[in-house]
Structure formats: C-alpha cells, structure tokens
Amino acid sequence: MIFLLKEDILNDKTKKILSYVPSAIFPAIIFPPIFLDSVGTIDIENNPKIIAAILAIIIGYFSRSIIATIFAGLISYWFLIFVYYQ
Amino acid sequence: MNNRLKTLTNGITDVCPLMIPVVPFGIIYGVIGMELGLSAYMTLGMSIIIFGGASQIVLLQLFSGGASSFVTITSVGAVNSRHLLYGAVFAEYLSHLKITWKIILSYVLIDQAFAVSNTYFKNNKENEYKHYHLLGAGFTCWFVWQISTILGIVLGSVVPEELGLSFTISLTFLALLINDFRKFKNIIIMLVSGIVATIGYNTIPFQAYIIVAALSALLVATLLTLINLKKN
C-alpha cells in the first residue's frame, strides 16, 4: 500500500510526528497490565510487575539491548513472585 | 557473482544481527497466542497475513478481551501507522519500480528491514538493483518470524501458566522503546499515553483505551513539535 504513494507526500513535520508513534502507542499497551490487577483496580503497593519493569528499564537504559531488557524484567519478576513474595 | 545476487546477499547478511531479538519476540507471540486459546493455524496464519509483531500482539490482546472488530482494526492500524513513514521515505528510491515489486516489497518492509535497507539505499543510490537489498532483508525477517512463531506455538502448549508469561507483552514493548528513554520529549509522550490508558482501561467504552491514549499522546507530540519549530 505504502509504495503507491508518490514521492514526498508527507512533509517533514508529519514525518517528525509519525516518528513519535511508537512512544505514543506502546505505553498504552505496557501500562495497564502492569498497574492494574486482575479485576482492573490500580495496584501500586507490593506489585512485583512495577518493580520488575523498573529494573528492566534501568538495564535497558544502560545496555541498550532489547534481549537484556526483556530478560532482566522476566528474571526479576520470577525472582519476586517465586522467591521474595513466597 | 552478479550484481543482483550480490545485493540480495548483502540484504540478508546486513539484517541478520537484528534478527536476534526477533526470535524471542516471535516465540512469545506464539506462546501467548496459544495461551489465549487461539488454534495453531490461526496463530501462524496471523503471522503470515499481518507479519508485524507489535500489531499481532495488540490484536490478540483486544480479541481476547472481547473488543469489537472496529476497535481492533483501528488499534492495529494505529500501531502500524509508522509504516507510512517507512513507505514515504522509500518512495524516493523505489517509486520507479513495477507495481508487483512494490506490493512484494511493501509486504516485507518491517522495522528491521527498513533500518538496514535505508542505510544501504543512502550509500548506494546508483545501484540499479538496490531493491534486491530490501528483498533479501525483508524475506530473511519473514522466515525468522514464521519459524519463531512455530517454535512459540510448540512451546505454548507445554509452558505452565504460573510463569506469568503474559507479562512479557509489557516487557517486549518496553524493550522496543529503550532507545527513546534518553529523549525528554519521548518520555513525556510515553507518560501521557500510559496514564491515559491505565485510567481509561475501565472507563473508556469498547476497549478503545489504546486508541484514545495513543491519540492523546500524539496530540501532545504534535504540540511539542510545533512549539519546537517556532523556537528554531
């Protein structure tokens, strides 16, 4: 579909705004499952997902590696739910 | 080696390093598809038809949450709207090609293929077979994605639910944003989107929270861009 467009149909301003699309959409997918519990109320205290997500962000920030970020989050989440909160 | 084959091979080798995170992402998608009760054929079929990790996971999430097809289609479209940008950028290099070529290349133009072929096109403007680079990069992505989906489908039937693998949806999308954590504007946009979605999850009808959150955040992005343009 995309290639059917002629050259330069989007101006620089539109391109700039489109480059923000991932930042505008992904958090809408990331946040609710982390901050809401199974019945949909906001759960901030003792929530292992928040801690695991923060650790993932820290690792991601420094490593800039997608895999390291996912595994840092998953491993800390497993540690919290299977060891720490047991 | 003739020029076409050489360019095709360049595309394949250039994109290979970027395939490392695609494999776990595909596996996660396959596992979640099975966990949410889709059949193996539907899970794989979605990978073949849509061929876009983020949008497939959004579709799964909304579909299993009982969203209407209208909301589901708009949300998936919104997630994929960044491809408009890719198409607009590549039109400069590829607008002379035949329609069949354009359709095939559009199908395989995903984030990773865009990243490597964009660099190649910039440096090899005079290569008349440069589109073979995108063909090679794109189909490499395609094969890796289908194979990792199948791996996920197989694993999905044996992985226990207690592992909380659905948390990997959040983690995967978080990981896709790591390069934007350093930019102040992006962080503001992310917070707007995340907060609107969390509050709107229960209050916005028809599971339209993703669209509403994304549009609010894009509105902020537009305002920030306009303010910035005035300053310069």
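The model is predicted. Contact between the chains involves 49 residues of chain A and 58 residues of chain B. Helix 10 (residues 167-176) of chain B meets helix 4 of chain A at an angle of about 145°, and its axis crosses that of helix 3 of chain A at roughly 25°.

**Chain A as a whole**

- Chain A contains 4 helices and 0 strands.
- Of the 86 residues in chain A, 36% are buried.
- Among contacts in chain A with a separation of 6 or more, 32% join residues 24 or more positions apart.

**The side of chain A that touches chain B**

- The 49 residues that chain A places in contact with chain B include two or more from each of helix 1 (12-18), helix 2 (21-35), helix 3 (48-63) and helix 4 (66-84) of chain A.
- Helix 2 of chain A provides the largest share of this side, with 15 residues.
- By residue class, the side of chain A that touches chain B comprises 36 nonpolar, 6 polar and 7 charged residues.

**A:P27 in helix 2 of chain A**

- Helix 2 of chain A includes A:P27.
- A:P27 counts as buried because it has 29 C-beta neighbours inside 10 Å, where 20 or more are required.
- Leaving aside residues up to four places away in sequence, A:P27 touches B:M190, B:S193, B:G194 and B:A197.

**Helix 4 of chain A against helix 10 of chain B**

- The axes of helix 4 of chain A and helix 10 of chain B lie 8 Å apart, and the crossing is right-handed.
- On the chain A side, the residues that meet helix 10 of chain B are A:I66, A:T69, A:I70, A:G73, A:L74 and A:Y77.
- Their counterparts in helix 10 of chain B are B:F167, B:T168, B:L171, B:T172, B:L174, B:A175 and B:L176.
- The residues of this contact divide into 9 nonpolar and 4 polar, with no charged residue.

**Helix 3 of chain A against helix 10 of chain B**

- The axes of helix 3 of chain A and helix 10 of chain B come within 10 Å, crossing at roughly 25°.
- Angles under 35 degrees count as roughly parallel, and helix 3 of chain A and helix 10 of chain B are therefore described as roughly parallel to each other.
- Helix 3 of chain A passes helix 10 of chain B in a right-handed crossing.
- From helix 3 of chain A, the contact draws on A:K49, A:A53, A:A56, A:I57 and A:G60.
- From helix 10 of chain B, B:F167, B:S170, B:L171, B:L174 and B:A175 take part.
- The contact of helix 3 of chain A with helix 10 of chain B involves 7 nonpolar, 2 polar and 1 charged residues.

**Helix 3 of chain B**

- Helix 3 (residues 40-49) of chain B has B:T43, B:M46 and B:S47 as buried residues.
- Seen down the helix axis, the buried residues of helix 3 of chain B fall within an arc of 100°, so they line one face of the helix.
- An α-helix has 3.6 residues a turn, so residues three or four places apart point the same way.
- The buried residues of helix 3 of chain B pack against helix 2 (22-35), helix 4 (53-64) and helix 9 (131-156) of chain B.
- Turned away from that buried side is a face of helix 3 of chain B that carries the exposed residues B:Y41, B:I48 and B:I49.
- B:F51, which follows helix 3 of chain B, has a positive phi near 50°.

Technical notes: Residues numbered from 1 in each chain as written. Chains lettered and ligands numbered in written order. Predicted model: local features only at pLDDT ≥ 70, side-chain atom pairs only at ≥ 80, totals over all residues. Buried ≥ 20, exposed ≤ 12 C-beta atoms within 10 Å, placed from the backbone. Arc of directions from axis to C-beta. Contact = placed C-beta atoms within 7 Å. Nonpolar A, V, L, I, M, F, W, Y, C, P; charged D, E, K, R; others polar. Axes fitted to C-alpha atoms, helices over the stretch in contact; angles between N-to-C directions. Left-handed = near helix turned anticlockwise from the far one by under 90°. Parallel < 35°, antiparallel > 145°, perpendicular 65-115°, else oblique.
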